[in-house]
Amino acid sequence: TTTTTTTPNCAEILTLNPLVAVQSNLGGLGPDSGPEEIRYGEAATVKGKSVDLVVTTSSEYQAQNPELNGVTGKFGQINGYGEAATVKGKSVDLGVTTSSEYQAQNPELNGVTGKFGQINGYGEAATVKGKSVDLGVTTSSEYQAQNPELNGVTGKFGQINVKYGTTVDLKFQYVLSGTNTPVKVNKFSLTVYDIDHQNTDKAEMVTVCGVAGANTFPSTSVEEMDVPPGCKGFKSTKVSGSENNPNDPAIDLT
């Protein structure tokens with residue numbers, strides 16, 4: 001007599017489903033009312049039965065933006081904890097971030113969340129050696145925005161809003177999609193559009209460092225500046241409003 005025993009694989013026992021937040025009130029901070037939990041409805045199927053995934057707290061919970069709890073892209077998200085613990089007599093925050101196909105859907109995260117810098121990322125921005133990569137933008141100096149809700153993507157252009165009369169240092173970095181793993185790109189081009197100003201007493205200026213060179217079109221209204229070696233800088237010379245804002249990166253150069 002021969003007896004054959006088979007062991008079911010994981011897929012026969014557990015099937016994961018796309019996350020859908022049906023309740024978001026972790027720690028009673030909202031934005032929903034009712035049970036103090038995040039509940040992902042029908043998050044999986046276990047042995048043929050549909051189950052929810054429930055997230056609760058077992059200690060005090062403080063969030064910078066509790067309305068962001070739930071789902072971002074295809075990922076569950078729990079917003080950062082402010083002063084979540086004390087370590088050796090010092091109060092510390094816990095930052096919680098996600099890897100997602102994020103294309104500035106939540107620009108209010110730009111700058112600082114709690115005590116942490118936050119990336120305004122462009123998901124799957126390019127393909128390098130057959131691998132999809134994201135473009136992450138972080139700040140390395142104080143950042144002030146006039147209208148932060150405009151950050152992200154406008155039409156076919158990436159957009160970063162900067163408050164009038166201020167400056168900011170930005171770091172652009174390619175990372176493997178869905179991760180924070182840097183990707184080295186040997187050579188690429190960066191084009192800056194719409195360098196003009198609306199007031200005669202201020203000019204828009206852009207300086208890029210670590211570049212091999214820079215080109216402008218003969219009809220450009222920008223002027224090259226004196227900047228440190230290894231950098232290129234340009235400033236606006238033309239007063240202009242929104243009437244000549246670019247609409248297509250393949251056509252418009254302003």
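Me: In which loop should I look for Asp194, and what stands out in its backbone?
Reply: This is a predicted model, and in it Asp194 sits in the loop between S15 and S16. Its phi is positive, at about 60°, although Asp194 is not a glycine.

Me: Where else is there a positive phi of about 50°, in a residue that is not a glycine?
Reply: Glu42 has that value, and this residue belongs to strand S3.

Me: Is Glu42 buried or exposed?
Reply: The general idea is to read relative accessible area against two cut-offs, with under 20% called buried and over 50% called exposed. Because its relative accessibility is 54%, Glu42 counts as exposed.

Me: How does Asn25 read on that scale, and which loop holds this residue?
Reply: Asn25 is placed in the loop between strand S2 (21-24) and strand S3 (38-46), and it counts as buried because its relative accessibility is 4%. If neighbours within four places in sequence are left aside, the residues in contact with Asn25 are Gly30, Asp32, Ser33, Gly34, Pro35, Glu36 and Glu37.

Me: What kind of peptide bond joins Gly30 and Pro31?
Reply: The bond between Gly30 and Pro31 is cis, with omega at about 10°, and Pro31 is found in the loop between S2 and S3.

Me: What is the strand order in the open sheet of three strands, and which strands are at the edges?
Reply: To read a sheet, one asks which strands pair, where pairing requires at least two bridges between them. Here the order is S16-S18-S17, with antiparallel pairing; S16 and strand S17 (222-225) are the edge strands, each of them pairing on one side only. From one strand to the next, the twist averages 25°.

Me: How many bridges join S16 to strand S18, and which residue stands opposite Gly233?
Reply: Five bridges join S16 to strand S18 (residues 231-236), and these two strands run antiparallel, while the residue that stands opposite Gly233 in S18 is Thr207.

Me: Where does Thr220 lie, and what is its C-alpha separation from Thr237?
Reply: Thr220 lies in the loop between S16 and S17, and it counts as partly exposed because its relative accessibility is 32%. Along the chain Thr220 and Thr237 are 17 residues apart, and their C-alpha atoms are separated by 9.7 Å.

Me: Which residues form a nonpolar patch on the surface?
Reply: The patch consists of Phe188, Leu190 and Val192, which together have about 290 Å² of accessible area. Of these residues, Phe188 lies in the loop between strand S15 (170-176) and strand S16 (205-209).

Technical notes: Residues are numbered from 1 along each chain as its sequence is written. This is a predicted model: local features need pLDDT of at least 70, side-chain atom pairs count only at pLDDT 80 or more; totals for chains, interfaces and linings use all residues. Side-chain values use heavy atoms; hydrogens and water are left out. Patches are made of residues with over 30% relative accessible area and no salt bridge: like charges are joined within 9 Å, nonpolar side chains (Val, Leu, Ile, Met, Phe, Trp, Tyr) within 5 Å. Accessible areas come from the Shrake-Rupley method with a 1.4 Å probe; for residues, only the protein chains shown count as cover. A salt bridge is a side-chain nitrogen of Lys or Arg within 4 Å of a carboxyl oxygen of Asp or Glu. Helices (H or I, at least four residues) and strands (E, at least two) are DSSP runs, numbered from the N terminus. Axes are lines fitted to C-alpha atoms, for helices over the stretch in contact, and angles run from 0 to 180 degrees between N-to-C directions. Buried means under 20% relative accessible area, exposed over 50%, partly exposed in between (1.4 Å probe, protein chains only). Contact means heavy atoms within 4.5 Å.
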